[in-house]
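Reader: I am new to this structure and would like to learn how to read it. Please take one feature at a time.

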Amino acid sequence: MSQMPQQAPVSKCPSCEEPLEPGDRFCGACGYDLSVVPAPPEDSPTVVMNGAAPGLGPARDEVDWPTARDSDGQGRPAPVHAAAELPGTDSGGSPLPSQEPSAPEEPAREPGRESAQEHSSGVRLDRPAEPDEYPLQAPAPRSSPEPAAAAPAAGAAAGAGGKVCVACRAGRVDRDGYCENCGHAQPRERDHMEQESGPVAAVSDRGLRHHRNEDAFSVGCTALPDGAPATVAIVCDGVSSATRPDDASLAASRAAGESLLGALPRGTHPQQAMHDAILAASHAVNALAAEPATAREQAPHQNAPACTLVGAVVTAGLLVVGWVGDSRVYWVPADRATPPARLTEDDSWAAQMVAAGLMSEAEAYADERAHAITGWLGADAYELEPHTASFKPDRPGVVVVCTDGLWNYAESAQEMAEATPLDAAVRPLHSARVLVGHALDGGGHDNVTVALLPFPAPPQGAGSA
């Protein structure tokens with residue numbers, strides 16, 4: 001996938017220290033409200049330089065908060081006094097006549113603001129005064145010893161018909177997934193997904209650089225008409241330059257998975273079933289392009305949703321793969337002394353250069369255009385060409401179905417085999433987690449999705465192909 005160009009270090013998010021684009025109003029990594037960020041202090045904070053996750057920045061207590069208004073000028077809040085100790089008051093704590101000019105409504109809100117500054121280290125100190133129904137800001141969930149303290153705010157927000165922010169526990173979450181009170185990005189359901197269905201398992205993760213997960217998968221198991229088991233895995237990668245890539249990948253994976261699980265029990269040959277499943281996925285993605293006229297008026301320059309697809313079907317003695325795009329299938333035998341293999345060919349610029357004999361594989365994949373895809377699912381695809389192939393392995397092993405978020409860090413078949421645990425056939429979910437971790441440890445620059453299908457030992461007398 002294309003990389004964002006490097007730019008001059010204009011600023012960093014004060015919450016997670018993620019580099020910011022000019023004109024950003026919220027941090028793309030954590031959703032921090034940038035409109036209230038003060039000028040940076042003279043001594044710059046320490047910045048993580050070794051590729052740590054942007055969402056795992058400094059703890060809340062280490063954030064470079066702005067100086068409170070009621071401070072001693074050195075970043076320390078002024079001590080809180082009892083009313084009788086303040087100068088200019090009588091013995092009951094009431095203001096003397098010389099101090100009458102203060103606004104009548106301020107005294108009711110100032111104590112609440114001081115309490116928030118004094119007792120909640122995870123609360124932003126530069127917010128405006130809280131509304132009357134929230135006299136005290138609820139503490140952050142990580143530092144709150146008593147969860148019930150946020151109940152009034154949470155109840156009010158929930159009563160309004162929306163989710164409650166996981167950060168400030170007071171604001172309502174808008175439809176974009178950000179808190180209307182503190183601007184914090186909320187965890188999305190698709191940030192990390194895991195599923196195990198019989199012997200097949202899959203894991204998908206947002207990665208360390210993207211603000212959302214645009215991958216999706218579908219796994220399942222069924223039986224052929226003769227009662228033999230069959231396992232299915234579909235993995236889709238949304239095209240980031242398209243509109244709503246996350247919706248495209250989700251629609252394609254669901255349509256393809258449902259098509260396979262419906263066709264195989266009826267006796268459809270697995271390779272034909274895979275071809276039909278890719279067509280069903282294509283129709284599902286094409287349907288997303290029919291947006292309402294109001295949506296086109298608000299965003300006239302958007303293009304059609306698009307994604308890639310790769311899938312595998314494992315039956316007794318037969319392995320079928322199908323794909324459109326640059327996601328891949330690898331064969332990893334149980335006997336690691338036997339060479340592994342990549343079973344798909346990318347629909348990409350690099351693959352075309354290699355196939356035409358214009359570049360070596362090393363030269364092509366080192367080019368910045370290497371990951372430009374030439375085939376995808378979507379209404380604006382040049383021509384849909386579903387690729388399918390069938391294999392008859394003569395030994396047990398495991399089938400790895402993945403997006404480029406994984407194979408970028410284990411590109412060759414040998415590298416993928418080395419990253420795959422030896423017990424992947426008996427612990428597919430654990431092994432999928434290990435492979436996702438391998439990509440995250442390598443940098444996690446893209447969404448990562450992988451499905452593992454164990455291939456059993458072929459029946460006695462079965463030939464090899």
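Reader: Where is Asp346 found?

Author: Helices and strands are DSSP runs, numbered from the N terminus, with at least four residues of H or I for a helix and at least two of E for a strand. Asp346 lies in the loop between β8 and α6 (349–355). The model is a predicted one, in which local features need pLDDT of at least 70 and side-chain atom pairs count only at pLDDT 80 or more, while totals for chains, interfaces and linings use all residues. Residues are numbered from 1 along each chain as its sequence is written, and side-chain values use heavy atoms, with hydrogens and water left out.

Reader: Is Asp346 buried or exposed?

Author: Buried means under 20% relative accessible area, exposed over 50%, and partly exposed in between (1.4 Å probe, protein chains only). Asp346 has 7% relative accessibility, so it counts as buried.

Reader: Which residues is Asp346 in contact with?

Author: A contact means heavy atoms within 4.5 Å. Leaving aside neighbours within four places in sequence, Asp346 is in contact with Gly325, Asp326, Arg328, Ala351, Tyr365 and Trp407. With Arg328 there is also a side-chain to side-chain polar contact of 2.7 Å. A polar contact is a pair of N or O atoms within 3.5 Å; within protein, one must be able to donate a hydrogen and the other to accept it, and residues adjacent in sequence count only if both atoms are side-chain atoms.

Reader: How many salt bridges does a search of the whole structure find?

Author: A salt bridge is a side-chain nitrogen of Lys or Arg within 4 Å of a carboxyl oxygen of Asp or Glu. The search finds 12. Salt bridges link Arg328, Arg342, Asp346 and Glu361 in a network. Elsewhere, Arg433 and Glu194 meet through their side chains at 2.8 Å, N to O. Arg433 belongs to helix α10 and Glu194 to strand β1, so this pair ties together parts 239 residues apart in sequence. Arg433 counts as partly exposed at 40% relative accessibility, and Glu194 does at 35%.

Reader: In what order do the six strands of the open sheet run?

Author: Two strands pair if DSSP finds at least two bridges between them. The order is β1-β2-β12-β11-β7-β8, with antiparallel pairing. At the edges are β1 (192–197) and β8 (341–342), each of which pairs on one side only. Helix α10 (residues 428–442) packs on the sheet and touches β1, β2, β11 (397–402) and β12 (448–455); its direction makes about 145° with that of β12. Axes are lines fitted to C-alpha atoms, for helices over the stretch in contact, and angles run from 0 to 180 degrees between N-to-C directions.

Reader: How many bridges do β1 and β2 pair over?

Author: β1 and β2 (residues 200–205) pair over six bridges, in the antiparallel sense. They form a hairpin with two residues between them, and Gly198 in the turn has a positive phi of about 60°. Glu196 stands opposite Ala201 in β2, and His192 has Asp205 as its bridge partner there. Asp205 in turn has Val448 in β12 as a bridge partner.

Reader: Why is β2 largely enclosed by the rest of the structure?

Author: Six of the six residues of β2 are buried, so the strand is largely enclosed. Val200, Ala202 and Ser204 point one way from β2, while Ala201, Val203 and Asp205 point the other way.
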